[in-house]
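These notes are for a colleague opening the model for the first time.

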Amino acid sequence: MDTLNALAHGFSIALTFQNLGLALIGCFLGTIIGALPGLGPSNGVAILIPLAFTLGLPATPALILLTSVYYGAMYGGRISSILLNIPGDEPALMTTLDGYPMAKKGMAGEALALSGIASFVGAFFATWGLVFLAPQLVKVALLFGPAEYFALFALAFATLGGIASRNQAKAALAAGLGLGIAMIGVDGQTGVPRFTFGEVHLYDGIDFLVAIVGLFALSEVFIFLEHRGTTKATGDASGIKLGRLTPPLSMLKQTAPTMARSTVLGFIAGVLPGAGASLGSFIAYSVEKRLVDKDKTFGTGDPRGVAAPEAGNNAAAGGALVPMLALGVPGSGTTAVLLAMLLALNITPGPLLFTNNPDVVWGLIAALFIGNVMLLIMNIPMVSLFVRVLLVPPRYLMPAVAMISFVGIYGISGSTFDLMVMVLFGVLGWLLRKLDVPLVPVILGVLLGNQMEANMRRAMTISDGDWSALFASPLSIGLWLFAFFGFILPIVAGRFFRSKLPRTDSEADPD
Amino acid sequence: MSDRILGGLGLLLAIFFIWQATLIKESFISDPVGPKVFPIIIAVLVGLSSLAIFFKPDDEPEWPEFSRLFEVGLTIVVMIAYAYALPTAGFVVSTAVTAAYLSWRLGTPPVKAVIAGAAIAIGIYVVFHLILGLSLARGPWGF
């Protein structure tokens with residue numbers, strides 16, 4: 001019952017005027033960010049981090065704001081999926097399959113309301129999962145030494161590359177690039193500069209916020225520039241009538257088992273390191289299709305095909321917070337960005353977070369519950385407001401996004417050099433996306449590189465340079481095996497699983 | 001072809017990285033591993049995956065035609081110019097110009113783009129500076 005006490009304490013922190021206000025703003029902004037094609041959870045959160053940082057928000061409120069955005073974006077993504085047949089972000093991709101046909105049948109309002117409820121169910125139970133699973137994981141994590149941490153980082157990269165990518169070599173390259181970028185700067189242990197080429201600005205290393213905003217937000221501007229004039233990402237929602245905004249009870253009853261199964265699957269997908277909400281919604285939809293699609297109605301506007309991916313991706317969003325908070329190893333793109341936020345605030349996530357900063361953790365979790373209710377209220381009766389936002393064309397939106405990115409980074413350091421580095425990362429992100437190299441491993445590498453190296457060297461110092469120490473304990477051997485199979489199995493055992501995931505050109509936004 | 005170029009560049013990068021890692025000056029106090037080993041491990045990872053990409057390339061991505069690439073390049077130049085202009089010309093003016101340019105290149109007619117640029121610049125200035133109190137670049141006119 002410690003957990004429930006801690007949660008009650010969390011509510012006492014979250015229920016302040018300021019925190020509730022921030023959660024409300026976060027949920028609102030998040031829904032808009034999720035709904036707008038071209039802005040998704042990870043680049044939305046990435047743009048807001050520098051702002052939250054420069055506004056001088058303390059850790060708990062800042063985290064409440066950003067995770068509300070994160071949850072909100074998961075809700076918002078479905079709106080353009082259903083109305084425009086354009087996923088508002090990558091996790092909402094599967095929602096287009098049945099959501100848009102439903103809208104064409106004149107059931108747009110029901111589809112939006114049903115998916116809103118499915119989102120709520122997924123997120124609500126996943127947050128409970130977070131409450132109970134995270135402390136258990138912390139108990140395991142307290143047994144970790146440097147060698148185990150090193151193996152855990154390797155595991156995160158391996159599963160990210162193995163399970164969640166189409167081309168494992170490209171994921172490995174991306175991870176290497178990120179880790180390499182993290183090496184730039186003064187070595188923390190011996191104080192010698194590395195890869196700085198005598199440039200004083202590089203002695204502090206590359207700020208990961210600069211890298212994240214460049215890779216995620218600026219590269220999006222280039223993608224839009226490239227596709228200007230094509231129909232891509234310019235939809236017209238004006239012709240669609242919303243209709244009634246409450247799903248009939250029979251529809252809820254019909255979809256209830258689907259929501260339950262999808263929530264469980266999505267949560268598991270979210271907890272696995274490296275697999276995020278996109279995979280959660282994909283698994284939920286495909287399993288549900290295999291289980292209940294007897295009359296072949298999936299793909300033609302079956303309500304269950306709308307409920308499954310929405311419950312799945314929102315549950316995965318909650319699940320992905322478990323490894324991020326308990327181990328300090330994010331399970332998806334957006335949680336990697338949230339990790340960046342914590343690091344920027346000098347808070348190290350991981351098992352010690354629960355003992356050293358219980359206010360942050362439990363305040364955050366309580367805020368997630370509150371935010372979730374706010375989101376349900378916002379997303380059903382007020383959905384027409386968000387539909388109107390969808391009509392803002394990208395040619396006005398993207399310049400604003402670019403300028404806000406510059407404002408955020410300039411606000412942190414006030415240095416032109418950082419802005420140049422950000423532009424450089426924007427170009428790099430655009431090129432990598434064109435080449436189908438995933439960006440999440442790059443970010444993870446930049447974020448975790450120094451910790452990974454520090455843990456390796458600490459383990460070596462303890463063992464006095466004996467490399468077998470990295471594989472000495474059963475725990476680390478287990479992690480290495482998991483990492484090995486997580487990376488190798490998807491290559492060997494066939495690409496049948498991931499290759500079915502439809503390829504989109506706008507996979508702009510890793511969740 | 002693109003993937004082969006990517007693989008080749010990755011390999012060159014890995015070699016360059018290893019070479020630079022061997023040049024790191026070690027200090028007299030050091031741990032058993034030292035500052036060179038981990039970068040070299042990473043470079044080997046980059047090298048190996050580059051080789052795999054080189055020998056097993058994916059399908060060719062759709063590259064935009066040359067005029068579009070040129071435009072992306074020009075936009076990069078504008079963004080760099082913006083970064084330099086911020087401290088000298090101040091936030092509102094440089095942002096208005098850059099946002100107008102971006103909006104124009106994304107398909108807004110010129111006059112509307114100028115209005116959009118000004119609206120974005122003033123909007124950000126009001127929300128982030130006047131309301132939220134964020135410090136923005138100050139130009140000769142104080143904004």
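**Notes on the chain contact and a helix pair**

1. A salt bridge joins the side chains of Asp3(B) and Lys170(A), with 2.8 Å from N to O. The model is a predicted one, and the distances and counts in these notes should be read with that in mind.

2. Lys170(A) also meets the side chain of Asp58(B) in a salt bridge, here at 3.0 Å from N to O. This pair crosses between chains, running from Lys170(A) in helix H7 (residues 168–183) of chain A to Asp58(B), which lies in the loop between H2 and H3 of chain B.

3. On the chain B side, helices H1 (2–22), H2 (37–55), H3 (66–89), H4 (91–105) and H5 (110–131) each supply at least two residues that touch chain A. H3(B) gives the most, with 13 residues. By residue type, the side of chain B that touches chain A divides into 44 nonpolar, 14 polar and ten charged residues.

4. Taken as a whole, the contact involves 68 residues of chain B and 64 residues of chain A. The area buried between the two chains is about 5,700 Å², and carbon and sulfur atoms give 78% of that area. Phe38(B), Met79(B) and Leu106(B) supply 13% of the area that chain B buries against chain A, which is more than any other three residues.

5. Within chain A, the axes of helix H13 (residues 333–344) and helix H19 (residues 440–463) come within 9 Å and cross at roughly 35°, and the crossing of H13(A) past H19(A) is left-handed. H13(A) makes the contact through Gly333(A), Ala336(A), Leu339(A), Ala340(A) and Leu343(A), whereas H19(A) contributes Val440(A), Ile443(A), Leu444(A), Leu447(A), Leu448(A) and Gln451(A). The residues of this contact comprise nine nonpolar, two polar and no charged.

Definitions and conventions. Residues are numbered from 1 along each chain as its sequence is written. Chains are lettered from A and ligands numbered from 1 in the order in which they are written. This is a predicted model: local features need pLDDT of at least 70, side-chain atom pairs count only at pLDDT 80 or more; totals for chains, interfaces and linings use all residues. Side-chain values use heavy atoms; hydrogens and water are left out. Axes are lines fitted to C-alpha atoms, for helices over the stretch in contact, and angles run from 0 to 180 degrees between N-to-C directions. Helices (H or I, at least four residues) and strands (E, at least two) are DSSP runs, numbered from the N terminus. A crossing is left-handed if the near helix is turned anticlockwise from the far one by less than a right angle, and right-handed if clockwise. Contact means heavy atoms within 4.5 Å. Ala, Val, Leu, Ile, Met, Phe, Trp, Tyr, Cys and Pro count as nonpolar, Asp, Glu, Lys and Arg as charged, and the others, Gly among them, as polar. Buried area is the accessible area (1.4 Å probe) that two parts lose on being put together, summed over both. A salt bridge is a side-chain nitrogen of Lys or Arg within 4 Å of a carboxyl oxygen of Asp or Glu.
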